[in-house]
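Here's a quick tour for anyone meeting this structure for the first time. Have a look at the sequence and the 3D view, then come back for the notes below.

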Amino acid sequence: MLKLRELDVTNKRVLMRVDFNVPVQAGEITDDTRIRATLPTIQYLIDKGAKLILMSHLGRPKGERKPEYSLLPVAARLSRLLGKPVIFSSDCIGDEPESKASRLKPGDVLLLENLRFHKGETKNDPEFAAGLAKLGEIYVNDAFAVSHRAHASVVGVPKLMKIKAPGFLLEKEIEAFEKVLKNPDHPFHAVMGGAKISDKIEVIHNLLDKVDKLFVGGGMSFTFFRAMGYETGDSIVEEDKVSLAEELLNKYGDKIALPVDIVVADDIEQPTKTEVIDPNAGIPKGVKGVDIGPATRDRWGKELMNAKTIVWNGPVGVFEHKPFDEGSKAIAKVLVKVTEMGGTTVVGGGDTVAFVNQTGIGDKLTHVSTGGGASLEYLAGYELPGIKALSE
Ligand code: AMP
């Protein structure tokens, strides 16, 4: 795979897939994190005198031109962030973008309208991909969050273009995941949580083969407790995954750490009663497990402190409702310490990333992934089609 820094981009039309899928309410962008995440690559290309053509999707317009999904507000925000004009094309293929792309001067930026206004994007239609590919001479992908999708702008276009490379954001994602999955420093521990095992079973499988220990918290721990024959009260249990949890415990038992105490509550939103319970003693009916308890925070904290590599995916409690974020906060703190001591810490998955950023520790960790689904597929051991297409 080529590196962006190795390419001669000056005076060249660089067609770059970015993730500008930002939340928009009544024409206003409510969070521009995704735009800012790719600014280093955009600024580099501007400084090098490339003629930059940016393409992205926004929301799910399902192949129809729907004004509420227009990227026009993004052009305005990008222009403000860059402190220079951003040219906008009201369609991503055809005469308008072709003419605007051909008239770009070095350092100019052109943003194309939402790719998903055309059905060809998600279908990876060859004609649609060709319409995009002809706009540029060099292809760059800086959109990790869609790199697990075999869409036209992610897979079809790079296949048609000879010179291609990941942008800096994607390059950082690749480096982080390759490091932890292929060449981790040991002890290598993973923390997994979230609601369900079923969403993450492939990640669990892949990581169990690689890690020294897997700490399982959150909703998914109760399916394991059920497999161990414990009462789980009203906790979330996936009945159809109990036998799978049993298999995993039999095969990898000594690698799987489950909580030694659990915070239970009668209600998540308006709890009138919370207490800490030993899961071994059984969770009574009428209450459910909502977080790992203080003894678990303490014990896991000590073990995780010895790690040289930690991957974290999935909150260990119902973190949206305080104080059931205590467990996840404790994990976050340990990750910061391990990073400070020179360890590698990687956080993936939408909810965990949101939590980490909300706690304000995102920049104190080695890597916080920008892709939810994409990071899960990476951690599950799959080659992402958008990344593969860059080396073909
Ligand atoms: P995921 O998207 O799979 O990472 O799951 C994240 C969700 O898991 C969050 O909304 C959490 O509230 C939820 N979660 C974490 N712990 C529990 C629990 N003990 N019971 C129910 N849901 C949980």
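Predicted model: local features only at pLDDT ≥ 70, side-chain atom pairs only at ≥ 80, totals over all residues.

## A first look around

Lys 288 is partly exposed, because its relative accessible area is 23%.

- You'll find Lys 288 in strand S14, which covers residues 288-292.
- Lys 288 and Val 264 sit 24 residues apart in sequence, yet their C-alpha atoms are 5.1 Å apart in space.
- Leu 58 belongs to the loop between strand S4 (51-55) and helix H3 (72-82).
- With a relative accessibility of 4%, Leu 58 falls under the 20% cut-off, so Leu 58 counts as buried.
- From Leu 58 to Asn 206 is a stretch of 148 residues along the chain, and their C-alpha atoms are separated by 32 Å.

**Around the ligand**

- The ligand has 16 residues around it, and Ala 195, Lys 200, Gly 289, Glu 320 and Asp 351 are the ones that come nearest.
- Sorted by class, that shell holds 7 nonpolar, 6 polar and 3 charged residues.
- Glu 320 puts a polar side-chain atom 2.4 Å from an oxygen atom of the ligand.
- On its own the ligand would expose 500 Å², and the protein buries 81% of that.

**Aromatic rings**

- Searching the whole structure turns up 9 aromatic pairs.
- Take Phe 319 and Phe 355: their ring centres are 5.4 Å apart and their planes meet at 80°, so this pair is edge-to-face.
- That pair links distant parts of the chain, 36 residues apart, with Phe 319 in the loop between strand S15 (309-313) and helix H13 (326-340) and Phe 355 in helix H14 (residues 350-358).
- Are these two phenylalanines, Phe 319 and Phe 355, buried or exposed? Both Phe 319 and Phe 355 are buried.
- Elsewhere, Phe 144, Phe 177 and Tyr 378 come together in one aromatic cluster.
- A charge gets involved with a ring too: the charged end of Arg 5 sits over the ring of Tyr 44, 5.9 Å from the ring's centre.

**Cis peptide bonds**

- Going from His 186 to Pro 187, the peptide bond is cis, with omega near 0°.
- Pro 187 is part of the loop between helix H8 (168-182) and strand S9 (188-192).
- The bond from Lys 322 to Pro 323 is cis as well, and its omega is near 5°.
- Pro 323 lies in the loop between S15 and H13.

**Positive phi angles**

- Lys 62 isn't a glycine, but its phi is positive, at about 55°.
- Lys 62 is exposed, because its relative accessible area comes to 63%.
- Asn 124, also a residue other than glycine, has a positive phi near 50°.
- Look for Asn 124 in the loop between helix H5 (119-123) and helix H6 (126-133).
- Asn 124 has 24% relative accessibility, so it counts as partly exposed.

Technical notes. Residues numbered from 1 in each chain as written. Heavy atoms only, no water. Phe/Tyr/Trp six-rings, centres within 6.5 Å; stacked < 30°, edge-to-face > 60°. Helix = DSSP H or I, 4+ residues; strand = E, 2+ residues; numbered from the N terminus. Buried < 20%, exposed > 50% of the residue type's maximum accessible area, 1.4 Å probe, protein only. Lys NZ or Arg CZ within 6 Å of the ring centre and 35° of its normal. Near = heavy atom within 4 Å. Polar contact = N/O pair within 3.5 Å; in protein donor to acceptor, adjacent residues only side chain to side chain. Areas by Shrake-Rupley, 256 points an atom, 1.4 Å probe, with all protein chains shown as cover. Nonpolar A, V, L, I, M, F, W, Y, C, P; charged D, E, K, R; others polar.
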